[in-house]
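Biologist: I have a few questions about this fold. Could we go through them one at a time?

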Amino acid sequence: MALGYRENADKFADKNIVVYGINDKDAESARAWIEKEGLPFSVLLDPDWSVGMAYGMSEATAERYVANNAEGRRPAVAIDENGLVAAWEPDMNTVEQIDALIARL
C-alpha cells in the first residue's frame, strides 16, 4: 500500500498532510525499502510491534507484522496541524480508499 501513498504524495502535500510509513525491521532494512520503492515519506521503526499492536494490525504471537495478511489490517491515521486525529481508517488497503481519505480531509 505504500505505493498508493507514493502516487498521492502531491495531493497529501497540497493539504499539508505528512505521511509516515511503519516498518518492523531495522533502520538499514527500512532505508533499503524506501530507496527501492522511491518512497517520498519517512518511515518509523516498530521493531517490537508496539505500534502495530496498538492499532490492531499486529498480534504478539503472530509470525508476521501484519497479523492477518489476507485481510490487510493496515490502518491509516490522519493528524491535523493541531495534533488532533482528523481521520482514522482501520483497514486502508486500496488506492480508492486513499483517494476517499484525501477527499474528506
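Biologist: Which residue meets Glu 37 in a salt bridge?

Modeller: Keep in mind that this is a predicted model. The N to O distance of the pair is 3.8 Å. A salt bridge needs a nitrogen and a carboxyl oxygen within 4 Å, so this pair passes. The partner of Glu 37 is Lys 36.

Biologist: Is Lys 36 buried or exposed?

Modeller: The relative accessibility of Lys 36 is 68%. Exposed means over 50%. Lys 36 is therefore exposed.

Biologist: Which element gives the largest share of the largest nonpolar core?

Modeller: This core has 16 residues, and those with the most contacts inside it include Phe 12, Phe 41 and Ile 98. Two or more residues each come from helix H1 (2–7), strand E3 (76–79) and helix H5 (95–104). The largest share is three residues, and it comes from H5.

Biologist: What does Phe 12 touch, leaving aside its neighbours within four places in sequence?

Modeller: In soluble globular proteins, nonpolar side chains tend to be buried together. Phe 12 is listed among the core residues with the most contacts. Its contacts are Tyr 5, Ile 17, Val 19, Ile 98 and Ile 102.

Biologist: Where do the buried residues of H5 sit around its axis, and what do they pack against?

Modeller: The buried residues here are Ile 98, Leu 101 and Ile 102. They cover an arc of only 100 degrees, which puts them on the same side of H5. The face turned away carries the exposed residues Glu 96 and Ala 103. The buried residues pack against H1, H2, E3 and E4.

Biologist: In E4, which residue is the bridge partner of Ala 76?

Modeller: E3 and strand E4 (residues 85–89) run antiparallel, and four bridges join them. They form a hairpin with five residues between them. Gly 83 in the turn has a positive phi of about 85 degrees. The partner of Ala 76 is Glu 89.

Biologist: Is Asp 24 buried or exposed?

Modeller: Asp 24 is found in the loop between strand E1 (20–23) and helix H3 (27–37). Its relative accessibility is 16%. Buried means under 20%. So Asp 24 counts as buried.

Biologist: Which side chain, besides that of Lys 25, makes a polar contact with the side chain of Asp 24?

Modeller: The polar contact with Lys 25 is at 3.2 Å. Not counting residues up to four places away in sequence, Asp 24 touches Asp 46, Pro 47, Trp 49 and Tyr 65. A polar contact of 3.2 Å joins Asp 24 to the side chain of Trp 49.

Key. Residues are numbered from 1 along each chain as its sequence is written. This is a predicted model: local features need pLDDT of at least 70, side-chain atom pairs count only at pLDDT 80 or more; totals for chains, interfaces and linings use all residues. Side-chain values use heavy atoms; hydrogens and water are left out. A nonpolar core is a set of buried Ala, Val, Leu, Ile, Met, Phe, Trp, Tyr and Cys residues joined through side-chain atoms within 4.5 Å. Buried means under 20% relative accessible area, exposed over 50%, partly exposed in between (1.4 Å probe, protein chains only). Contact means heavy atoms within 4.5 Å. A salt bridge is a side-chain nitrogen of Lys or Arg within 4 Å of a carboxyl oxygen of Asp or Glu. Two strands pair if DSSP finds at least two bridges between them. The arc is that of the directions from the helix axis to the C-beta atoms. A polar contact is a pair of N or O atoms within 3.5 Å; within protein, one must be able to donate a hydrogen and the other to accept it, and residues adjacent in sequence count only if both atoms are side-chain atoms.
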